[in-house]
Structure formats: structure tokens, C-alpha cells
Amino acid sequence: MKFKKIAAAILLIVMCLSLFVTSAFAAQQKNETVYASLNHDGSVKKIYVVNQLFGEYVDYGQYTNIKNLSTLSEPVVKGDKISFTDDYIEGGLYYQGTTEGELPMVFDIQYFLDGNKISGINLGGKTGHLKIEIEYKPNYLCEKRVRDGFMAQITLPLNMNTAGNINADGAANVVVGQTMNISYNIFPDESGKVYLEADISEFQMDPVSITLVKGAFSSSGIEDSISEFQDGFSDMLDGASEMVDGTSDLKDGITTLKDGVGSLSYGMSQLAENGDDMLSGMNQYSNGLGEYLDGIKSLSSSSSQIGAGLDELSANGKSVAEGISGINSGLGALSASSGGLKALALSLQSSADPSVSALANGTLEILGTLESLSGGLGSASSGLGEYTAGVSQTAQMYKQFDEGLSTAAANAGELKSGYDELKDGFALYSGGVKSSSSGIRQLYYSIKKLPENIQELIDGQIDFKDGISTAKDEISSQTDAFLSDDTPAVSFASPDKNSPSSVQYILTTPEISSPKQFTVQETQEKEENFFSRFAALFQ
């Protein structure tokens, strides 16, 4: 709405400037201004055309009541050809003619007083709440080439002595003295309505004026600014697209990070659980190690006794072996000396005397037992020797074992202390893993919804981008009217034969005055005087 107000103000200024064409058009052949006298309701009552001619002062059109506004020469009319015999006139020759035709736009003006419809002619001097409604649209009865490209400015001059609490939404307001000029801007091919409301007292209003111009802003010097404005929107659109692409890449990265943190969180939780199991096992192992080392210490204490016993056993075994060997030697000598006794016993074995025979048999048994005992003692002596040697070797080897056991017992405390330090270190590590697992889990839950949030941001950015695109299209459609219209102006009076440099239309309604009754002649004279005064501006 603010944009339309600014545009309307600019359009009003430029339209006014465009009407006062000077020698800047010296190289052009014709400029055409169409004046239409409207009724209070916007219907057309009479059309006048003021032409500015250069060069040969020849024009075309179906006119009545042709009047030279620049010199005293009379026009020469042949059919639709109008010519003047004047020589060079600085600033061109102006002439006026009355004609008929369809204007590029049509307007329907309605008045309401305190909610009731009232004609404009009866509104003068009234008091109450006024509402004016003006409907506008292209006139499709007018040739397309004639009506295309025209923008309109509707201006209602309200006397602030007779109107207050003025509400004109979408209008540009310019106050000059006691008059507020309320102007509405209408762009080419637009249709719609404008409204004005005010509290009035003994109401009067000068004529409503409607100005139609084509490409008015081409001379306003803002074409480059509009181009820069549109380029800025294009840059904004490109930036928004890059922002969407960048945020989409961010979403992909955050999604990958979320999945990675999720996997890390799961792994850390598993590691924390396994750490508890491992720490429990280390505690059990520590207890077992303590018992084992206590056993080693106890074994080391008794191991020296075992070693001493082995040494003593080795020494005693050697004495026993020597005794057995001596006994065995004695038995051997006894067995060797019993040969005669054995022979005697053998000879007496078959004696008829039972006593002698029994004695002989007993002697042979004793001698046999002695031989067996001698042989057994020999084997025993030999085995005992090997046993003694083995015990002696075992005693020597056990000394090495005992020394190792003693060393192990001596180092048991250090081993236990070292393992306890390892266990305590692992306990700290396990606690750190638990803390890290908890922190990573919290991190995971904190970034879990980030991709969804970023997607919402992306959706918002896309909406923002679409909004920029829509705004660009909308503003471009609005600012097209600000840019140069390169299509040539088409004459209202004779579209086929005239090639004017510019064509503009000025439409006016009657003024709304006090209830004084004017005759038809007085009304016509007032209109004639108005157009005469206006046309005089060009002389």
C-alpha cells in the first residue's frame, strides 16, 4: 500500500510535467491531448482534442468546431484532413476540435450520503458522511492499439473547510492551501474500485480530474534505478537459492554426524557395560592373585624344609645304601662259605633218619633263602644307589626351585601392588568411559532432531525464496509502468493517419457547488471557459 502511495505521488508529478510539452519536441511532428467532459457519474458528455503541430501544420481527424489556439489563421478542412497556412511558429501550432469516440478507460462514479446513494448534482451544500466510489476498467470498445499502455491518475480535490476526517486508503494526498488533492494511481490494464470517505458540511468540490498517459515514467529518470532494483531482487533470489543449497548440505552433514554419534553412543554404552564385567573379573582375579601369592609365601616357607628333608634323605640314602652293600657283601661271603654245608645237607637229605632228613631240608631252605636274600640285597643295593643318586639330583634341582619360589614370594607384594594399580587404573578408565558414554548419549539426543529442525529451516528458506520470487514478479509487473514504453503512441483522433509523438487524456467531471441553479447555457459556458483557460496554458 505504501508503494502505491509513493508511485501515485511520482505519477502525479510526472503526469503534470508531461502535459506541459515545450520545444523539447521540436524534432517531433505532433502531440495530442484529449480532453473529455464527464458527467458526475463518469459517463462521457463531450470530447475535445488539442493538437500541437510542427512543420507543415497538417493533421487528420473527424472534428467539429475547430479552433486555432495559437494564431488567427483559419483551418483548411478537406474531409478528415486539417491544415493551417501559417509559417513557422516557435513551440508549434495548437488547435482544438470537438470529436467523438471511445476513450481507453471507462469510469463509474457513485456518491453516498449517510449510506444512501445520491447524485453528484444534488450533493452540493449537503452535510453528513460522504462516500465516493469510483469503478475503473479498460474500455474494450476502444481499439486495443489505442487503449494499450495507458496508466491513469484520478484526483479528487477536497476543500478541507467543507470536508474532514478524510479516509482514502491507497491514495497519495497532497495539501495545497485549504485543498487536499487525493490521487489514486491506476496501472495499465487494471480494473477495480477506489473509495473515499469524509465527514462533510455544506459540501463543495472542484471537478474530479482523471489523467491518462502512456509511458509517463520514461522521462522521469528512474529507469536505471528500477533496473538496479530488479537486479537486487535477482541477487536476493540467487542468494536465497544458495542459502537453501547450503542449508541442505548442512542438513546432510548433521544427519551424517547424528548417525555417527548414534553409533559412537551405542559403542560407548557397550564398552561401558563390558568395562563393568571386566572390572568385576579383575577384582576376582585380584582376590585370587592375593590368595595365590599368600600360598606362594606359605609354600616358600615350607619349601626350605622340603629342601632340607631332601638333603637329609639324600645323605641317609647314601648310608643305607652303604649298609645294604656291606650286608650284601657279608651275605655273599656267607653264601660262598656254605658250599660244604650245602653239599652235606644234600647228602643227608635222603637219610632214612627222618630227623636227619628234616635237618638237611631245613638247612637247604636256609641256604636257599640266604642266596635269595643276597641276590635281593644286591638288586636293592643297586636300586638304592640309583634312588640315592636321584634323590641327590632332586635335592639339587629343588634348591633351584626353592630359590625361584623364594624370589617369587619376595616379589609377591610388588606383583600384587602393581596389579592393584592396574586394576585401579582400569576402574578410572571404566568410570571415564561411563561418563563419556553418558555425555555422548546426551549429545546424540541433543542433535537427534537437528535434521528435522534444519528441514523446517530449509522449508522456511524455500518459502522465503518463493516469496522473493513472487515479490519480484509482482513488483516487476508494477514497475513495468515505470519503464520506457517503446511502442509508438496511437492517435485517438485518427489512428491510421496520425503518428503523434505523445498522446494523453484529461477527463473532468463538473464541480460540485452550492445549490445555486445554473442554466444549461451557463453550465456550458463554464465548461468552455475551463477548457479555454486550460488550453491557454499551451500558448
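Q: What is a salt bridge, and to how many salt bridges does the count come in this protein?
A: A salt bridge is a side-chain nitrogen of Lys or Arg within 4 Å of a carboxyl oxygen of Asp or Glu, and by this rule the count comes to seven salt bridges. The model is a predicted one, in which local features need pLDDT of at least 70 and side-chain atom pairs count only at pLDDT 80 or more, while totals for chains, interfaces and linings use all residues. Residues are numbered from 1 along each chain as its sequence is written, and side-chain values use heavy atoms, with hydrogens and water left out.

Q: Which residues are linked in a network of salt bridges?
A: Such a network links Lys30, Glu32 and Asp59. Within it, the side chains of lysine 30 and glutamate 32 meet at 3.3 Å, taken from N to O.

Q: Are glutamate 32 and lysine 30 buried or exposed?
A: Buried means under 20% relative accessible area, exposed means over 50%, and partly exposed lies in between, with a 1.4 Å probe and protein chains only. Both glutamate 32 and lysine 30 are buried, and buried residues make up 38% of the 539 residues in the protein.

Q: Where in the chain do arginine 145 and aspartate 496 lie?
A: Helices (H or I, at least four residues) and strands (E, at least two) are DSSP runs, numbered from the N terminus; the protein has seven helices and 17 strands. The side chains of arginine 145 and aspartate 496 meet in a salt bridge of 2.6 Å, N to O. This pair links distant parts of the chain, 351 residues apart, with arginine 145 in helix α2 (residues 144-147) and aspartate 496 in the loop between α6 (450-479) and β17 (502-508). Aspartate 496 counts as exposed because its relative accessibility is 65%, whereas arginine 145, at 36%, counts as partly exposed.

Q: What does glutamate 74 touch, not counting residues up to four places away in sequence?
A: Contact means heavy atoms within 4.5 Å, and on that basis glutamate 74 touches Ser83 and Phe84. Glutamate 74 has its place in the loop between β4 (64-68) and β5 (76-78), and its relative accessible area of 60% makes it exposed. The C-alpha atoms of glutamate 74 and threonine 85, which are eleven residues apart along the chain, are separated by 8.2 Å.

Q: Why does glutamate 242 count as exposed, and where does it lie?
A: Glutamate 242 counts as exposed because its relative accessibility is 59%, and it lies in helix α3 (residues 223-337).
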